[in-house]
Amino acid sequence: MKFFRSHVLVSVDPKSLERGAHEVIDALNDELYSQGLIDEVQVLETSRIGDPLRYGPDMMVYPEGVHYTNLSIDDVPFLVQEHFLKGRIVEKFLEKEEKVQDEELGTPTPKELRIVLRNCGKIDPNNIEDYISEEGYLALGKILADYTPEEVVQVILDSGLRGRGGAGFPTGKKWQFARVSQTKTKYVICNADEGDPGAFMNRRILESDPHSVVEGMIIAGYAIGASMGYIYCRAEYPLAVKTMNIAIQQARELGLLGKNILGSSFSFDLEVRMGAGAFVCGEETALMASIEGSRGEPRPRPPFPAVKGLWGQPSNINNVETYATVPIIVLKGAKWYASIGTEKSKGTKTFALAGDVVNTGLIEVPFGTTLREIVYDVGGGIKDGKQLKAVQTGGPMGGCIPTEYIDTPVDYETLSELGSIMGSGGIIIMDEDTCMVDIARFFMEFTQDESCGKCVPCRIGTRRILEILTRICDGNGRDGDIETLEFLSQQIKADSLCGLGQGAPNPVETTLKYFRDEYVAHIYDKKCPAKVCKGLITFSILDGPCTGCTVCARNCPVNAISGERRQTHAIDPDICIRCGICAQVCNFNAISIN
Amino acid sequence: MAVSITGQGFIDPTQEPMQKEIIDDILARNATLPGGLMVILNELQNEIGYVSATMQQYVATKLRIPISKVHGVVSFYSFFTTTPRGRHILKFCMGTACYVGGAPQLIEKARQVLGIDPGETTPDGAVTIELCRCDGACSQAPGSDCRR
Ligand SMILES: Cc1cc2nc3c(=O)[nH]c(=O)nc-3n(C[C@H](O)[C@H](O)[C@H](O)COP(=O)(O)O)c2cc1C
Ligand code: FES
């Protein structure tokens, strides 16, 4: 056997090959030969090195352990001379840390615990072998070999896992209901409709770790006795649809989906179905109607999907994150999972942090982490040194939690006590410049628009609330509006058919509860304290700071600004449409808003 | 229903040999799929760019279902449009993160530059401004998406 002083591993994954990995290897060998080093340095092929998102070909040099990246054949002579002849590390090609930075995920902070997101950004989502090398499909093998379906249900029950789609119903119980339904055909459905604005956890899991969802769904299929599953993905996520389809195809090729999985008697297959931009299709009965090819309108429950679901058959429907958590629970045990979190909410939850926070992106924290820790320790605090005003959780059916409750530990129960909900996990941070009446109006516009129109309280009630809120924001609020809002909210909550209507008044109720003074200011003082509502503000130009640079006049869309060059300008309030563009373009902070 | 032709030379695709071939292919592949109507409409919207009244009627006849059923589905989902849109689509996200992050100002600017309101197409048929729901890119808010 020959001994080499140095080994060079060159990545030959598909991306690197596309970018000429083999040519680089040939060039390396040629150059080493002509420099007389061919007996000292050995060139070997290896799979992907480092981050899947980065461009190869990459190269590792041992024993030094130096990582070079982004190589081309033209670089080879120089590299061989410098590194192997002169023994100097070539800075230029060194792999730089910041390159692998993932904009959405970043590096986990100490408060975080990544269980569901553990593979995201680390493995190549389009390569099933990457997932398998991270103990992927081991849980499936384990249950098919050693567990009865009842035992699988028991593990999930013991783990305390609760549905991540919003309501937090115990997943084990749901599976049990579907399991006991006595029919031959049953379905497993994955809710990947993630419609809450401000939430993108599910998208990231589907795009970065699709096999964890596939594996979770197969396990659910085994547990409840289903042989077919559907992933219902919203049309806004084309990449997720593509990634899932590739994952399903690869799983089929390896016999992990299809007939007699891993040689057992269990058969199961999956299909991806796409939505078409209707928020209400996230509601489980509406979602099933949509898969069936109909209008996505919800129907009353009971009967619950576990009894009468897709095409009238018992069906189990869970969220993406719920399924993605299942394999690791099976692998590491229910006890381990149940040891994380709070008494009633076990494990971890992913959240999408967005809004006026320094580090926006995806996070995963154990239940029981406080809002303060989420906003300041994980999120890095408020942007531009401003003050926190409210934390909005639960999407358009959630609520706004004021600063006083920032030390609340987050779990399903504490959030509902505050009038909000966990929802699917979007957290929007709002700073002092946010008008809470305007936010309530914004959410009501959303729910009113997305109401499917089937039930009256939701269809007409949300419309009436929106009209009142719009009126208040326009500066035409009347005495009695607050009381009407409260009355309508109660009625809609109590009488609506599905969760959309039942949750729709939440943003109004929480802002009324915690920020009532802002409503009062709008209605009675005709003032918008945050200076947002166009009907209640006026723009003017301050004498001192204005240099007469004419930028504002040139940018004003309605020519409301007049003034000579180098003279203080003036805004005609009758023409001004309060678009705020002058304030944005002014370099001297000369625009004042009252 | 007669061949419908609107302002900008909008020709009924079911009468166009090339388009008809695409439509027939989509129908043939999915006609027997359980719940195939949604799949068919999604593919039509993607391939042709819209699902006009005549197309809806064509689909209904081929699938042997009432046209009211097809129209009910088309009109329910916001992704399906019944008329052609501009060659470029400028979509602004109106999700919460983007709203808080300044989407309204961006839209205002686009309105000024293009001279059209959201939902409208420029007279030359080049650009349509659309507002959409959260695109799931909230950490980079405010977001817009430009197609074709
Ligand atoms: C209006 C409305 C929208 C919903 N949107 C979603 C959604 O986008 N994703 C989701 O997983 N669940 C959503 N749900 C909850 C589902 O109805 C259902 O409870 C959930 O998919 C069950 O999964 P889980 O047990 O894993 O939470 C929504 C519910 C309502 C009423
Ligand atoms: S709110 Fe705009 S991408 Fe999510």
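Glu450(A) counts as buried, because its relative accessibility is 11% and the cut-off for buried is under 20%. This residue belongs to a predicted model, and its side chain meets that of Arg133(B) in a salt bridge, with 2.8 Å from N to O. The pair crosses between chains A and B. A search of the whole structure finds 33 salt bridges over all chains.

- On the chain A side, Glu450(A) lies in helix 16, which covers residues 436-450.
- On the chain B side, Arg133(B) sits in the loop between strand 2 (127-132) and strand 3 (144-147).

**Salt bridges within helices of chain A**

- Arg203(A) forms a salt bridge with Glu207(A), and their closest N and O atoms are 3.0 Å apart.
- Arg203(A) and Glu207(A) are separated by about one helical turn, because they are four residues apart in helix 8 (residues 201-208).
- Both Arg203(A) and Glu207(A) are buried.
- Arg463(A) and Glu467(A) also meet through their side chains in a salt bridge, at 3.9 Å from N to O.
- Helix 17 (residues 456-473) holds both Arg463(A) and Glu467(A), which are four residues apart, or about one turn of the helix.
- Arg463(A) has a relative accessibility of 40% and therefore counts as partly exposed.
- Glu467(A) is partly exposed too, because its relative accessible area is 36%.

**A network of salt bridges**

- Salt bridges link Glu82(A), Lys86(A) and Arg88(A) in a network.

**The surroundings of ligand 1**

- Ligand 1 is surrounded by 20 residues, and the closest are Gly165(A), Lys174(A), Asn191(A), Asn319(A) and Thr322(A).
- By class, this shell has four nonpolar, 10 polar and six charged residues.
- Strand 8 (315-319) and helix 19 (499-503) of chain A each supply at least two residues of the shell.
- Strand 8 of chain A gives the most to the shell, with three residues.

**Polar atoms and cover at ligand 1**

- A backbone N or O atom of Arg164(A) is 3.3 Å from an oxygen atom of ligand 1.
- Gly282(A) has a polar backbone atom 3.3 Å from a nitrogen atom of ligand 1.
- For Asn318(A), a polar side-chain atom lies 3.0 Å from an oxygen atom of ligand 1.
- On its own, ligand 1 has 610 Å² of accessible area, and the protein covers 92% of this.

Terms used. Residues are numbered from 1 along each chain as its sequence is written. Chains are lettered from A and ligands numbered from 1 in the order in which they are written. This is a predicted model: local features need pLDDT of at least 70, side-chain atom pairs count only at pLDDT 80 or more; totals for chains, interfaces and linings use all residues. Side-chain values use heavy atoms; hydrogens and water are left out. A salt bridge is a side-chain nitrogen of Lys or Arg within 4 Å of a carboxyl oxygen of Asp or Glu. Buried means under 20% relative accessible area, exposed over 50%, partly exposed in between (1.4 Å probe, protein chains only). A residue is near a molecule or strand if one of its heavy atoms lies within 4 Å of it. A polar contact is a pair of N or O atoms within 3.5 Å; within protein, one must be able to donate a hydrogen and the other to accept it, and residues adjacent in sequence count only if both atoms are side-chain atoms. Accessible areas come from the Shrake-Rupley method with a 1.4 Å probe; for residues, only the protein chains shown count as cover. Ala, Val, Leu, Ile, Met, Phe, Trp, Tyr, Cys and Pro count as nonpolar, Asp, Glu, Lys and Arg as charged, and the others, Gly among them, as polar.
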